[in-house]
Each structure stands twice: as C-alpha cells, then as structure tokens.
Amino acid sequence: MNTLFEHLKQLRENELHSNVIILADLLLSIHDNAVGMIESEIKLNTLIYYGEAAYTLGKYRKAEKMYSTALQYRKYLIKSKGLTKQLEGQKDILPDSEIKFRLHNCYLRLNMNDQAIQTLQSIPARQRTPKINMALANLYRLSGNERSAITAYKEVLRECPLALEATEGLLKLGVKNTEVNTLVMGTPQLSCIEWLNLWIKAYASSQTYDYSGAIAAFQQLLEESSPLRNNALIMVALGETYYYSGDVTNAKIILQQAFTADPTCHRGYGIMSTVYLSERAASDLEKMMPLSWHFSEDGDSEMWTALACLLYSNNSLSTAAYFAQRACLLNPKNVEGLVVKGCILYDMKKYQNAIGHFREAFEIAPCRYEPHKGLVDCYLAQNRTKEALTIASNCCKADNNSPRALTLYALVLMKEPTNSTKAKALLEKALNQNDTYLPAVYLLAQVYEEENSIEPAINLLLKQINKNPTAKLHQMLADLFARSGEDEKACAHYHVALRLEPNNHKANDGLNRLEHNMENADTSVQPKVGLSYVNSSSDTEGGDNENTYEIAASDSDHYMSDD
C-alpha cells in the first residue's frame, strides 16, 4: 500500500489532478474493504490529496466531502489512538487549521457562507494565521458583524502592516484614518514611505464622502513625479470616486484609461458597465467584456454585474436578472449588482421586489445616489408620491444638496402643480452649482413651458446648445419654436436632433406634425436648415452622449444615469 501512496504523491507533485482523484478513490476503497492494509497517516493524507485535487478541478462538493471526512478522521485518530504528537510532528500532514481553511474555501464556492464562518471560528485564536484572520474579517463584514470584522482586520495588520485590503476594509467599516495610519505607518521601515500615507488618506476621504479630498489625493498619487503613476488600481479608485460624486464623464474617462493600462483588471467593471448602460452603449459594453469569460461559470461579482448590464441592454430581462442575482450572491455588498437587479425588476413591473433591492443597496451605502433614485422611481410608478418626496428629501441631505439630488427632488415636486414654484427654485439652485447639468436644464425648461414662459425656456436651451449640443436639447427647442409659431427654426432643430439621434421619436413626430400643419396651410416653401439657428459644433458626426431625463416615472431607460 505504501507503494501505491508513493505513486499518488508523484501524481500530486506533477499536478495530474484528475489522476489523483481516480487513484485516491481506489486507495480509499481498499482501506474500507480491508481495514489495516493502509496506515492511518496514509489514509488521512489520501483524503487531503483527494480534496485538494477536487477543489483544483472545480469539484467543490466532492472537495468539501473529502476535507470534512479528513477532519473527522483526524479527530478519530487523536481520540482512539492518541496520535496527536505523531500527526503534528509530520511535515507531510496538514495541521487541523489548514484543513479547516481549505474546507472554508469549499463552502465559499458553494455559497455556504455561514458554514464557512463557523469552520474558521472553530480554529482557536492562537492558531489563526493572517490568511485565516483575513478570511474571517471579510466574511464578518459581508454578514454585517462589523465589530468582529474590525478586530480580525486589525489582527492581520499587526502581523502584515502592508495588507492594504485589510486597511481598506477598516476604512470602509468607519475606523478613523488616524487609527489605521498608526497600525500601518507605526512600523519603522514604513514610516518614511510618503505614498503610503497619501494612499490611506485618499481611501479614508472616499469612505467619509469627502470626494473632492479623495479625488485630489488619488490625482496626486498618479502625477508624473509619483512612483505610482499609471497604476491601474489607483486609476480605478479615482474613477469610482468620480462616479460616487456624480461626475460620470470623468469616471468613464479614468476607468477606460485604467482598463487600457491593465486589461486584466476587473475591479471597476460594475461601475463602468452601469455607465455604458445609462448611455445605451451596448456595443462598448460588449467590447469591454473578456471574450473568454463569456463561457465560464466562474468569475467575480463585478464581472457578473457587467454581464447583467449587457443582457439588460439587449432587453433580455430574465437572463439579466439571473446574472445580477449571481453577482449579489458572490458579494452581498455589491451595490451596483443590487441596483441593476432593482432596475430590471422595475422594467418587469415587479415594483415591490425592486424596492426590496434598492432598500438593501441603500442600507449598504446610505449616501449613494442610485438607491435613492431607484426608490423614488418605484414609488412614483405606484403613485406613492409622499414616500417618493421623503426619499428625495433624504437624498438631498445624503448627497449634500448636489445638483442631481436637487433635480431628483424637483422631479417629484413637479408631480403636484402646486409645488411648481418650489421645484423651479431647486432647479435654479442646481444650475447655480453646475450650469451644464442637463437633467436640471430639461426639467427647468419644462417648468418654464408649463408657466407659459416660452422665451425664458428657449433662452435656457439655446445657452446649453452653445455649450453641449444634444439631440434632446434640439428636440425640446424645436417643440418650443413650433409652439411659438417659428416653424422654420423648429424644422431646423428637428432635423439636427434626428441627425444626432436618428431614432428620436419625439423629434420625428414633431417634424411630421409640423409638415402636416404646413401642408394644411397650403405652404409650399420648404424651410431651410439655417446655421444661424444651430451651433456649428452640433453638425459633427456622433450620437447624443448625454442621458435624457424623462419626466414620466414609467420611463425606466434612464435609471442607471443621473438623468
């Protein structure tokens, strides 16, 4: 039997995993049918090798069974034969803590997080290595046990002060920058590393919603003089911070640069995919996906979120919902995954289920804009205006009265005609902060129109067209010109809107209506497209890169954007 086991070891050393499984299975059968023919230590190692090979080949249930059996057999040997010292003295036999760590990995792959936690908790504290504490910390954080997670992360940093994931974990859990700095920078060899202190400061600012401070720190890390310039992970962190602050344009630019610098970097895919989804850029989203991954059942949470967005953009709602759910199972703290799932459920008119997902995202990230907007849209779809007003008001507080939060609040107020004046004040306040924020421009123009203040509405839209022409701006402006009887100008702007966005149904309908009215009036002169009415920059090739902001709550095409 020793000879067979030596061959098993040879197969393992040569990484012939499928062969290890076959021979190990035969050896275990021999032991069961002829007790005593295999030494106890050999059977224990056979079980471990079997589990190891099964895990490597993705056979997680089989691996879980082998590791569990190995633990039970090890316990049996210690109790019945008193082999504690003998087992611990052999280098070839894994310690109890290592077997449990491997077993916990199997449970993670099987989405059995509770069993994974229990397995690691059964390891005595004095036997927990940094990797065990790190695994426990991450599991504690996912399960909401923040105090235990903080303790475990600190244990990791005491032994490995440059475990930066643990540092980031502590900052996400609200541990103050000064305390984290002490744990990391307290090591004499690290105290003189300037970029490390700046790195901690950047992440700390981001977690306390000081986005301007975080952006400045990340930018400093990426300067030409910095040793970390062009680092993809820092670029991703900067892109994420831009996105959290509402600056989608810069977020997109920085994330694209990060993925160009490191195509294998998957962090940030969740956010980037939602940006592409909001812009209806399905082709860009598909290009972003690694082709080889499309056919794999493995992958991290962000990749599943990106796949959900891709299917969602192609209107495959059921499959998209499945992928979003996979993303959430892999990482229950995945805000983007929850928001995408909520949006999909909204499109399926499952409003209560959508509300559940948006609320879960809100509990994880109470200062994020997207969960607030999702809840507002769901409540408006159910004509629950009071609840929508409450959420929108809370969004203004959480997002520091940002233009997007003020615009969201104004949108809800506009559902009641008596609140028109207050909505207008909020929109004007939003544009005072950012005079190019188009969602506020669209709504304010509508408020002016409802007040019959056509000239202020036209002036507002003309000002924006000179800065950032979009199909929606031209279409709205054309509607206003048509209403005021300036048919030639209206026709010109309808044509530009359709050139920028050929599928703009409102522009097409408006143009047909205008031409029909002109025919009925026996007008034979065809209007010209006058450059005096249209900014020349709008004549360039390309689509409408800005997201529209529909007033009707039932229009869910814009959920993933500020618009």
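The following dialogue examines how terms are applied to helix 12, Thr 241 and Arg 368 in a predicted model.

Mentor: Local features here need pLDDT of at least 70 and side-chain atom pairs count only at pLDDT 80 or more, while totals for chains, interfaces and linings use all residues. Residues are numbered from 1 along each chain as its sequence is written, and side-chain values use heavy atoms, with hydrogens and water left out.

Trainee: What makes residues 194-207 a helix, and what span does helix 12 reach?

Mentor: Helices are DSSP runs of H or I with at least four residues, numbered from the N terminus. Helix 12 has 14 residues. Its first and last C-alpha are 21 Å apart, close to the expected 20 Å, the expectation being 1.5 Å times one less than the number of residues.

Trainee: Why is Thr 241 called buried?

Mentor: Buried means under 20% relative accessible area, exposed over 50%, and partly exposed in between, with a 1.4 Å probe and protein chains only. Thr 241 has 1% relative accessibility and therefore counts as buried. This residue lies in helix 14. Beyond neighbours within four places in sequence, Thr 241 is in contact (heavy atoms within 4.5 Å) with residues including Ser 206 and Phe 218. Ser 206 is itself one of the buried residues of helix 12, and helix 14 (232-245) is among the elements covering them.

Trainee: How do you know that Arg 368 is buried, and where is its place?

Mentor: Its relative accessibility is 8%, so Arg 368 counts as buried. Its place is in the loop between helix 21 (351-364) and helix 22 (369-381).

Conventions. Helix = DSSP H or I, 4+ residues; strand = E, 2+ residues; numbered from the N terminus.
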